Amino acid sequence: MNWMKTTLSLLIVMLAAASCQKKEPIVITPDDFRNSVDQVTDIMVHDIFSPPVASRIYSYPNIAAYEIVAQGDSTYQSLAGQINGLTAIPAPENKNLNYPVAAMVAHMNLSQSLIFSEDRMQHFSDSLYQKWSQQNEEEFTTAKAYGLKVANHIRAWMNDDLYKETRTMSKFTVDTDDPARWQPTPPAYMDGIEPHWMKIRPFVLDSSNQLQPIPPPEFSLEKDSQFYKELLEVYEVSQGITEAGDTSEEIGIAQFWDCNPYVSVTRGHLMFATKKITPGAHWIGITEIATEQAETDFNATVHAYTKTSMAIFDGFISCWDEKYRSNLIRPETLINLYIDENWKPILQTPPFPEYTSGHSVVSGAASTVLTGIFGDDFAFDDDTELPFGIPIRSFPSFNKAADEAALSRLYGGIHYRAAIDEGLKQGRSLGTLINETITMKN
Amino acid sequence: MGKPLLLLWIGLMLIACESAQEEKTPVRLFETIEATQVGIHFKNQLKEDDSLNILDYLYFYNGGGVAMGDINNDGLPDLFFSSNQGANKLYLNKGDLTFEDISEKAGIEGNSSWNTGTVIADVNGDGFNDIYVLAVVGINGFQGHNELYINQGDNTFIESSKDYGLDIAAYGTTASFFDYDLDGDLDVYILNHAVHTQESFGRAHIRNRRNPMTGDRLMQNNNGNFVDVSEAAGIYGGDNGYGLGLSISDFNQDGMPDIYVGNDFHEDDYYYLNNGDGTFTESLKEYFGHTSRFSMGNAVGDVNQDGRPDLISLDMLPEDETVLKSSEGDDTYHTLKMRTEQFGYHFQYARNMLFLNSNSGTFSEQALQTGIAATDWSWSALFGDFDHDGHEDLFISNGIPKRPNDLDFVRFVSNEQIQKTIRNSRLMDQKALEMMPSGAVPNYVFQGNGNGTFVDKSAEWTGNIPSISGATAVGDLDGDGDLDLVTNNINAAPTLYINQTDKEHYLKLRFQFSDANPFGIGTKAFLYTEHELQYRELFPNKGWQASSEAMLHFGIPKNTSVDSLVIVWPDQTSQRILTPKMDATVTITPKNTVPWNPTRTHQKRKHWNDVSEALGLQYTHQEDNYSDFNVQKLIPYQISDRGPAVAIGDLNNDQLEDVFFGGAAGQPARIYLQKNGAFEYYHDPVIEADSLYENVSAVILDINQDGFNDLLVGNGGNRIQPSLQFLKDGLYLGSANGFQKQPWTEEMVNTSIVTASSKGDFVFVGNHSKPLDFGNSTASYVVSTSKSGLTQHRQEFMVDGMITDALWSDIDADGDEDLLIIGEWMAPVILDNNNGTFQKRSNGVPKVSGLWQTAEAFDIDHDGDTDYVLGNWGLNSKLKATNEYPLHMYYTDFDANGISETVVSLEKNGAYYPLLGLNELAEQLVYLRKKFVSYTEFAGKTMEEVFGAEALEKAKQFQVNTLASGYLRNDQGCFSWHAFPAELQVAPIKAFTSFSEENTNQLLAGGNYFGVIPFHGRFDSFSGSVIRSEKEQESVTAYGLDFYQKSVRHLKMITITNKTHLLVVYNNETSQVYELDENNP
């Protein structure tokens, strides 16, 4: 075989030499990566994924891209061995590799297998592949092969996270006997979604209940109980906002952070859905803004996305663990039953138990991680919701944005105060845990 | 065009022309004529804009109204059309199908912004028909009020609604003039509709709180002044009343007109029974097991010719496979459960309902069995004998400009379109509306068979022309004696359906009744022919936003002689007319009348007394909250609801029959001991300790031959539970000191039946399925008994299906007992007993695969040998199965996740499709979401296209050839299969028992079943039957029993102080004991 190896090596050297003369290296910009993530976001809005599932769709492709970045740039450290179950990706055979191209390929390839509308992702990657192969076919081919290899490695690991098994596990059984327990809410009265999400393998948490929050205030309809006070607060705050009118600050805040991927609207026999991004996607959007504003390079961009998406992913696991443990009834159900039959929350109540607030947990976790990367004095203009007709809001820091995101759930009429406060704490503990235990940048 | 292509094209043309010549235009029963051809230039043109469309007004597409009635007393029905946004029109019928537009001169064009239904009635009793037009006022800037046009007798009208107190400004749909208080004049029921957002259901009780805009109104006529008496009369008037359908009829035949109101969306329909004192009692839940979900128009007709008015209520279930699978369907299991159990609503399903009025006053719903359940987006139903064969036929108008429940529109299209143009979330622009698919479809006509069943004749009788038709009126427009129809269409001229029947006979009745009610509204007519009865009532304000000609029409086939005609006047007097004139219009006036005695219900021939309470034998089975569909999302029915178990036998060695009831999971079993002619609850700690077991079958016998009876309990439950141990069948050995449990089996599967041979030498343990693995095979056993209990000596049998029941019987008449085993997705199996060795019989048993539920031995043909009756799923179901096209079920691991699923498939037009839609399938098989990213891609796809030939090939395939209940008839030891008549097919039959009456054995059958998803509905309509022979059966209501709305699981005869009693055991209900009146001759 020796002669063959020699001949091959010679051939490769000759080819490389030949191409080097003609072809410039393919240049991948941070925008290319951001575009790829944006593409995933758009497809997810169309396909309709629940917030926990969306968090998974973001994170694995990011990790695949990041692991390639870490292969090619020694300032970044692989996550292998640091997060649950991830082993080192195969090393490239040829170190002289266009790592960003490989990272892009891995990102797009994994993303495509996670969303439903594959055609749209395929179309997006095909046009890039075509461009790159024209620019430098050989460099592209090598990087693509490696990118796909890594994607397969990550996919194998991903497939063990129990997601697939949870798809066919039992639906949530509503407890109709206990007045404190969650009931499906108008208008679609959907089943509780993702009742088994706590079984999904987290990245950083050792188990889904590692950061278990304190229990919610004890259910009571006694006027002087903490629970009832918080229930009444939701109602009164909502009534106040409604009186103030559609242009009030609070309504603006509620709508800005709505982040409900599927709001069903019914007008007689006419039904339609207004679809938006998820809470996780909003923070992915903020990450995009931050990397643009900080003008991070490709590798740093991937790093920021990856770490944020990991925080969001673990955030949903931690939150869902609590949601289906406390299984608490939503304010809308109680207000309609005991306070005001015609009351409707400003935001549509999402279909799962109340405590803790998912947006609060995720905002707490993501903001803490982003603060760790970009600092606490990072002011930014958040235009994430512009495509949905919602104006820009400006924040002095990630933490302040998270505070507002959490509070928006009270304004929206979908959470009690405790779910917001404790949710934010839960998320920030998670963010801190990630910042303290995971080393990505050397 | 190239030469070869041109040639080919010419060739094709030739072929096409030839076949066209051969076909000729068939003569259709109805000639359809566009109204413009006969001088009717009315058109209900909708003007949609950004501020007024389906988004702003939920009933924007409900269309106008049409009223057919004689306004100038020339004997020809004239036509009035109401237009939603335009001028109303009145056309004088000039004969020979020519019409004159007299609208302007008549002064009826109207002033309301939005007109809806219209009806004709002689409101002031002056002998001239007046016109009432409903309006929607008070939303979207709509002005005006309901308008009453009083006929001046000269083809002119004066709007006088204010003078009569009928100038109501609300959300009107339609109205019906009739005499509810029996004081001689016409009152009116005004049907209004809610516009309240149905985003939140609200609780059912909000119907008690009156809302003047949406609430219906009952208006009492006090000398020409109509007064709202709704509240005092017991008429609901809440926010929730989406009133779209209205029918008046003397439903319970007590001589007083009752009201049925169909409400759209989640609000229940209302069934108002007239109390005769000016009030009504709303009684829907008692008399109707379930109703349509999106109730639209409804109509009354005696379709099975028993003299009791039946009812159809329309909904919007499409028949077409592609439309069906791309439209929103029924609620989920949980939503329905919540709405019924927590919110207080009744059971509703999204399809047409045909309610057959039974003689106990309850309505047996049979739309699926009778073939009229799916007629797409339907508005108006009208009965009439269109072909003069003596049976009521049925016309259904349907169609909608845009299908707002198109799933792609709901989930994908609307959003993307909205996002491009949206300013705020409440506005949707025209472009988005246009992206909904069109719902212009042909109207349906069904030919009635006289027994409640129908045959679709739409193509043959009308030619299947797509249209958007709403309000429809029926009458004899051309005066030729048969029934013509006219539909008010949206954005198109009305359509006239001119009836071409000329073969058979007819009889048209008009009435001259009284001053206040000249045309005799509310008059009944019973036409008796040699073998049949035809019943009609005159309530011409009927159908959808419409009213029809005020006459009664009968079709009479040739060679049928009419015996008599009985007229019952609104004042409850009657007169008999012998041999009425044929092929004529007869005007009848009261003459030689006699008081009419209403027969509220048929005389009960027998009366079996309910003695449950007196005997102290009442066991309430409480089904637990577990739903199989939470876990096995695609199984066709629940498996966890097979209880309770019941066994009768002596449990305390006093030679008296005691009763064991086995509970659902979490509910302890109970023993009732017979003492002094009554029963006492006996607490047995050993047995009650096993409350976590779901007991589904039990048998009492002395297994260990120690002189004390023992108890063997078969357990099932099919659930996720802490331990599968609870599936083990329990053996409890009796002694003087109560029961001791004896371990005897390690098997943990869903048992369905434990039964012992009469000598007690064998026990059969029949197993249905493996827990949470429906479709996988499991073995069943014949076990020998001995002094040591149940021996290790057992014979194992596998069958291709899920066993539900087994019967010991000497099938081959060789002196020992053989076994008949039945089950779901299998044909009956016989195990021949050869000296204690059991062998499957390979021949002599018909291979009729069914969803068999129960079996019993009964000599149905009274020839002295034993036949076997078998309860099946019934024919009143969305499932269907024939020998040519069996029902299929595939069992395999479709999504390769290590767990197998079942997918049910049935045939439609020669191809097989999945029974369920993409939403339901993808709940379990998530990969289908990726394979079909839109509903359009999925809809209309066959099983192979959806799942791939390979997966289906690999799968274990089950099939069913018949869903009919019936019997295996024994003719000299050979068995042949025969189906029961239609009356016994309305629900699954779950239990039989035989009893003796006048020294003849009779068979009692009970059933009903609710363990299915809302897609299937609710099998609640079988009251129970006594089967006397192959041909004869009778409802058990004749014995004073009624299993309506209850799921019977066991019918057992029990001897109590030497008298025979019937024990009826239900699922999730309290058992009942009846004393047979044989005991008290």
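This is a predicted model: local features need pLDDT of at least 70, side-chain atom pairs count only at pLDDT 80 or more; totals for chains, interfaces and linings use all residues.
The C-alpha centres of domain 1 and domain 2 of chain A lie 28 Å apart. The assignment, which is automatic or taken from a database, places domain 1 at 27-164 and domain 2 at 172-437 of chain A. Their contact takes 34 residues from domain 1 of chain A and 37 residues from domain 2 of chain A; two residues are in contact if their C-beta atoms, placed from the backbone, lie within 7 Å. On the side of domain 1 that touches domain 2, the elements of chain A giving two or more residues are helix H2 (30-47), helix H3 (51-72) and helix H4 (99-114). H3(A) supplies the largest share of that side, twelve residues. By class, that side of domain 1 of chain A has 22 nonpolar, eight polar and four charged residues. Here Ala, Val, Leu, Ile, Met, Phe, Trp, Tyr, Cys and Pro count as nonpolar, Asp, Glu, Lys and Arg as charged, and the others, Gly among them, as polar.

Residues are numbered from 1 along each chain as its sequence is written, and chains are lettered from A and ligands numbered from 1 in the order in which they are written. Helices (H or I, at least four residues) and strands (E, at least two) are DSSP runs, numbered from the N terminus.

Still in chain A, which residues of helix H8 (residues 249-256) are buried? They are Ile253(A), Ala254(A), Gln255(A) and Phe256(A), and they pack against strand E4 (393-395) and helix H13 (398-411) of chain A. A residue is buried if 20 or more other C-beta atoms lie within 10 Å of its own, exposed if 12 or fewer, and partly exposed in between, with C-beta atoms placed from the backbone. Glu292(A), in helix H9 (residues 279-293) of chain A, has 14 other C-beta atoms within 10 Å and is therefore partly exposed. The C-alpha atoms of Glu292(A) and Pro30(A) are separated by 8.3 Å, although the two residues are 262 apart along the chain.

I turn now to chain B. Its secondary structure comes to 18 helices and 74 strands. Of its 1081 residues, 56% count as buried. Along its principal axes, the C-alpha trace of chain B spans about 100 × 85 × 60 Å.

One open sheet of chain B has four strands in the order E1-E32-E31-E30, with antiparallel pairing; strands pair if DSSP finds at least two bridges between them. Strand E1 (30-34) and strand E30 (469-475) of chain B each have a single partner strand, so one side of each is left without a neighbour in the sheet. Five bridges join E1(B) to strand E32 (residues 495-499) of chain B, and Ile33(B) has Leu496(B) as its bridge partner in E32(B).

Another open sheet has five strands, in the order E35-E34-E38-E39-E41 (chain B), again with antiparallel pairing. Its edge strands are E35 (533-537) and E41 (594-595) of chain B. Six bridges join strand E34 (residues 524-529) to strand E38 (residues 562-568) of chain B, and Ala525(B) has Ile567(B) as its bridge partner in E38(B).

Finally, the two chains meet: 37 residues of chain B are in contact with 32 residues of chain A. H9(B) gives the largest share of the side of chain B that touches chain A, seven residues.
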